[in-house]
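Here are my notes on this structure for someone meeting it for the first time.

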Amino acid sequence: DDLSNAYPTHDPEWVRDMHADHYLQSWSKQGSRPRVITGAQGSWFWDSDGKRYLDFQSQLVNANLGHQHPKIIQAIKDQADKLCYISPAMGSDVRSELAAIMNEITPDNITSTFFTTGGSAANETAIRVARHYTGRTKIIARYRSYHGATGGALSLTGDPRHHLTRADMPGIVRMLDPYVYRLPTGHTDPAKCPVAQGGPHLEELLMYENPNTVAAVILEPIVGTNGIIVPPEGYLQSIKATCEKYGILLIADEVMAGFGRTGKWFAVDHWGVQPDIITSAKGINSGYVPLGTMSVSTEIHDWLRDTPLPGGLTYAGHPLACASGVAAIRAMQEEDTLAHATAMGETLRTELHRLAEKHPCIGDIRGKGMFNGIELVKNRDTREPLVPFAAKGDAAKPMNDMMGYAMNNGLYLSFFSNVIRLTPPLNISQEDLMTGIEILDRTLEIAD
Ligand code: PLP
């Protein structure tokens, strides 16, 4: 219960007033008066009333090493003393070091990295590179996806947030998702469903779209925000093979799933698939400084030796961000974080199956490593969803009630539609994990 790094500099009521009247909050109607967070440590954070919360979300699935990891903080301080900013065209030790580490931990074919300020900018750059490299314009993206909030990335996004843009980027074609629990074709066996197999569904789209006009397929190898959808065995290989057949690039958006979240450095590693481009952000440095990446294959890198990279940012390769990335990845290697995440993930899913025996509202449990979700239903046999897709307000009441109950009882959870996402820090202790399960157990009673 050491709240010693609390830093109250203002009256919490003043903070709420300013938040409500002068601060614009992402993806929200404005005017909320939130809890004021004054400190955090490991898997916990606390508010101005001294109330503690167990972070079962890792914030926005980015605090992979939890809060206030000393090695990351020290690296940021050391770098701030040495060099806070230098233009992206200059050489800098931390920039080169992080690029070298990315070469080390990404799949073998991926050898060079452009650093961005986050996931959206990484995806923007990826689609521009793909269009430039292939000389084609169309991008195939999936419906149950989130790729970011900037113009192109929001256009790629399939979830209802993309309706907020009045003019989507042209040239986006949508594919259905390998959502095995609710296959869109009515099949129950994924092996018989062309959408769950991947390649056959993509081939059918390409029959109409003309493959020579398609630059890339972009997908989250395991869908994050839109419900932790793990593809069936063979899906990603099948998509990759179909892409190769037509000279289409595969872009893996690993912004949420990357950096150990699934128990491997990247989610594609579970299936041995080598995308042409990988984008990432979030867990690369546990979110302590804004940072994203767009990493490309040797072929694309070689091609970029003769033609300019179609993109650039003032803060590309920001030294403070790169230093924090180097420190976070080295800490994960030194602390064997991937093995711990794999073990804790197995414990978590075992516990979820135990909870499913007493909570009829649990329809499906899915995930890999520390990237997990439970889908809630009104009826397990009919699989009728607990709340409608993308429900808001009254329609989402049971989910909102559960989130409220969990928060009031010290557990920070997140959900989208009828899926509760369970993505604690990768280095959470077994004891803290069990504390979270116990509060979740009580929370689920609301939906039974
Ligand atoms: N791609 C995926 C899969 C994400 O989950 C997110 C953010 O949640 C993004 C892209 C956008 O990243 P950012 O918010 O850093 O721009």
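1. Two strands pair if DSSP finds at least two bridges between them. Helices (H or I, at least four residues) and strands (E, at least two) are DSSP runs, numbered from the N terminus. With that in hand, β8 and strand β9 (residues 277–280) run parallel, joined by three bridges.

2. A word on the source. This is a predicted model, in which local features need pLDDT of at least 70, side-chain atom pairs count only at pLDDT 80 or more, and totals for chains, interfaces and linings use all residues. Residues are numbered from 1 along each chain as its sequence is written.

3. Now the other neighbour of β8. Strand β7 (residues 214–219) runs parallel to β8, and four bridges join them. Valine 217 has leucine 250 of β8 as its bridge partner. Between β7 and β8 the chain passes through helix α9 (residues 235–245), and this β-α-β crossover is right-handed. Right-handed here means that, with the strands pointing away from the viewer, the path from the first strand over the helix to the second runs clockwise.

4. Is strand β8 (residues 249–253) mostly covered or mostly open? Mostly covered: five of its five residues are buried. Buried means 20 or more other C-beta atoms within 10 Å of the residue's own, exposed means 12 or fewer, and partly exposed lies in between; C-beta atoms are placed from the backbone. In a regular strand the side chains alternate between the two faces of the sheet. In β8, Leu249, Ile251 and Asp253 point one way, Leu250 and Ala252 the other way, and all are buried.

5. The ligand next. A shell of 16 residues surrounds it, the closest being Gly118, Gly119, Ser120, Gly148 and Val255. A residue counts as near if its C-beta atom, placed from the backbone, lies within 6 Å of the molecule. Helix α5 (residues 119–134) gives the largest share of this shell, three residues. By class, the shell holds five nonpolar, nine polar and two charged residues. Ala, Val, Leu, Ile, Met, Phe, Trp, Tyr, Cys and Pro count as nonpolar, Asp, Glu, Lys and Arg as charged, and the others, Gly among them, as polar.

6. There is also an open sheet of four strands, in the order β1-β2-β3-β14, with mixed pairing. Its edge strands are β1 (37–41) and β14 (411–412), each pairing on one side only. Strand β3 (residues 52–55) and β14 pair in the parallel sense over two bridges. Aspartate 55 has tyrosine 412 of β14 as its bridge partner.

7. Two backbone angles deserve a look. Most residues other than glycine have a negative phi, and most peptide bonds are trans. Glutamine 59, in helix α2 (residues 58–61), has a positive phi near 55°. Glutamine 59 is partly exposed, with 19 other C-beta atoms within 10 Å. Lysine 282, in the loop between β9 and β10 (292–297), has a positive phi of about 40°. Lysine 282 is buried, with 26 other C-beta atoms within 10 Å.

8. Finally, the whole. The protein has 14 helices and 16 strands. Buried residues make up 48% of its 448 residues. Its C-alpha atoms fill a box of roughly 60 × 60 × 45 Å, taken along the principal axes.
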